[in-house]
Amino acid sequence: MSYRTERRRRQISTKGRQMVLSRADGTASVTLMAYAPPAQSAQITNDMAQAPFVAQVMADALSDYGMPAQDDRVQDGPKTYTLTDAQPVYDGPTVCGWTLIAAGGETHDNASSLL
């Protein structure tokens with residue numbers, strides 16, 4: 001593993017938080033560590049982020065899940081986002097991670113509303 005992959009792994013493990021990625025049809029889900037940088041001040045209007053939700057994950061966290069797909073769901077705490085794109089991150093010829101790009105951000109008051 002090169003220094004790029006290790007640097008990415010360190011950033012996600014130190015700055016990241018647990019999120020859940022699940023298929024839109026509910027057939028699969030995985031809990032993983034992901035790093036979502038906070039919205040920049042230029043992206044915030046009326047106290048609401050106007051930019052897409054972006055999260056960085058390691059490729060090995062998705063080994064049992066498979067490739068992320070459009071319309072998958074990303075749950076970050078009480079908010080659920082819908083995946084609009086997933087870009088692979090390469091370390092040489094190897095995919096070492098994914099950049100998940102999502103929209104939405106519906107808030108759920110409790111876990112029972114997600115079932």
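## Terms and model

Two strands pair if DSSP finds at least two bridges between them. Helices (H or I, at least four residues) and strands (E, at least two) are DSSP runs, numbered from the N terminus.

This is a predicted model, in which local features need pLDDT of at least 70, side-chain atom pairs count only at pLDDT 80 or more, and totals for chains, interfaces and linings use all residues. Residues are numbered from 1 along each chain as its sequence is written, and side-chain values use heavy atoms, with hydrogens and water left out.

## Helix α1

Helix α1 covers residues 3-15, which is 13 residues. At 1.5 Å a residue, α1 should span 18 Å, and its end C-alpha atoms are 18 Å apart, so the two agree. The expected span is 1.5 Å times one less than the number of residues.

Thr5, Arg8 and Ile12 of α1 are buried (under 20% relative accessible area; exposed is over 50%, partly exposed in between; 1.4 Å probe, protein chains only). Seen down the axis, the buried residues of α1 fall within an arc of 65 degrees, so they line one face of the helix. That arc is taken from the directions from the helix axis to the C-beta atoms. Tyr3 and Thr14 are exposed on the other side of α1.

The buried residues of α1 pack against β2 (29-34), β5 (53-58), β7 (79-91) and β8 (94-107). Contact means heavy atoms within 4.5 Å.

## Hairpin β6–β7

β6 (residues 73-76) pairs with β7 in the antiparallel sense, over four bridges. Asp76 has Lys79 in β7 as its bridge partner. Two residues lie between the strands of this hairpin, and Gly77 in the turn has a positive phi of about 65 degrees.

## Hairpin β7–β8

β7 also pairs with β8, antiparallel, over 12 bridges. Tyr81 stands opposite Gly104 in β8. Two residues separate β7 and β8 in their hairpin, where Gly92 in the turn has a positive phi of about 70 degrees.
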